[in-house]
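Here is a short report on one protein chain. Look at the structure first, then read on.

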Amino acid sequence: MKWDTLEEEPCSLARTVAVIGDRWSLLILRECFLRIRRFDDFQASLGITRHLLADRLKKLVRFGVLRKIPYQEAPKRYEYILTQKGLDLYPIIMSIVHWGNIHMVDARGRPMLHEHKTCKKMFDPVMVCSECGEPLSAKDVHVHPGPGARKSSPVHARAQERARRVAEST
């Protein structure tokens with residue numbers, strides 16, 4: 001796989017990494033979820049160079065994660081607003097934050113706490129099955145090739161091997 005062609009791979013993870021797979025894009029998204037919208041505010045918060053910030057914002061707009069909306073005419077200035085596609089990244093960002101809260105905190109503890117507005121309780125994100133609602137871990141999941149899988153993929157090869165073993169045992 002080549003870094004600049006990840007978006008063309010028949011792999012949902014690779015295609016997602018093409019959009020949000022670098023540290024600056026993830027940190028820009030963090031700021032968006034913290035309600036930062038303007039170029040100068042991103043720059044001040046992140047300490048990123050103007051060129052790099054402009055490049056990452058342009059990429060996130062091109063992929064439809066952010067929408068660029070003018071808020072000033074002279075000089076022309078923009079706000080960057082999360083689209084629905086961008087808002088749908090919230091569980092990913094929260095999963096990364098949760099991992100950091102478990103494995104990367106120091107003696108001071110978690111740098112941010114998250115409160116559910118409805119019940120007013122602090123919470124940790126939990127991944128659950130969309131069908132039965134049970135919590136999920138990697139050990140609870142089997143992967144099967146989908147209609148967009150490459151025939152030469154490892155998942156496809158393992159599925160074929162499982163099907164062959166089942167056929168031989170019957």
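Helices here are DSSP runs of H or I with at least four residues, strands are DSSP runs of E with at least two, and both are numbered from the N terminus. This is a predicted model, in which local features need pLDDT of at least 70 and side-chain atom pairs count only at pLDDT 80 or more, while totals for chains, interfaces and linings use all residues. Residues are numbered from 1 along each chain as its sequence is written, and side-chain values use heavy atoms, with hydrogens and water left out.

## Helix H4

Start with helix H4, which covers residues 50–62. The expected span of a helix is 1.5 Å times one less than its number of residues. H4 has 13 residues, so its span should be 18 Å; its end C-alpha atoms are 18 Å apart, which agrees.

Which residues of H4 are buried? They are Leu53, Arg56, Leu57, Lys59 and Leu60. Buried means under 20% relative accessible area, exposed means over 50%, and partly exposed lies in between (1.4 Å probe, protein chains only). Seen down the axis of H4, the buried residues fall within an arc of 160 degrees, so they line one face of the helix. The arc is that of the directions from the helix axis to the C-beta atoms. On the other side of H4, His51, Lys58 and Arg62 are exposed.

## Around and after H4

Just after H4 comes glycine 64, with a positive phi of about 80 degrees.

## Rings and charges

There are two aromatic pairs in the structure. Rings of Phe, Tyr and Trp (its six-membered ring) pair if their centres lie within 6.5 Å; planes under 30 degrees apart count as stacked, over 60 as edge-to-face and the rest as tilted. One of the pairs joins phenylalanine 33 and tyrosine 90. Their ring centres are 5.1 Å apart and their planes are at 55 degrees, so this pair is tilted. Phenylalanine 33 lies in helix H2 and tyrosine 90 in helix H6 (residues 90–103), so the pair ties together parts 57 residues apart in sequence. Phenylalanine 33 is buried, at 14% relative accessible area. Tyrosine 90 is partly exposed, at 34%.

Charges also sit over rings. That label needs NZ of Lys or CZ of Arg within 6 Å of the ring centre and within 35 degrees of the ring normal. The charged end of arginine 38 is over the ring of tyrosine 71, 3.6 Å from its centre. Lysine 68 lies over the face of tyrosine 78, 4.3 Å from the ring centre.

## Backbone in the loops

The loop between S1 and S2 holds proline 75. What is the form of the peptide bond from alanine 74 to proline 75, cis or trans? The bond is cis, with omega near -5 degrees.

Arginine 35 has a positive phi, near 75 degrees, though it is not a glycine. Arginine 35 lies in the loop between H2 and H3 and is exposed, at 61% relative accessibility. Lysine 120, also not a glycine, has a positive phi near 65 degrees. Its place is in the loop between H6 and helix H7 (154–169). Lysine 120 is exposed, at 58%.

## A buried asparagine

Asparagine 101 lies in helix H6. At 11% relative accessibility, asparagine 101 is buried. Contact means heavy atoms within 4.5 Å. Leaving aside neighbours within four places in sequence, asparagine 101 is in contact with Arg110, Pro111 and Met112.
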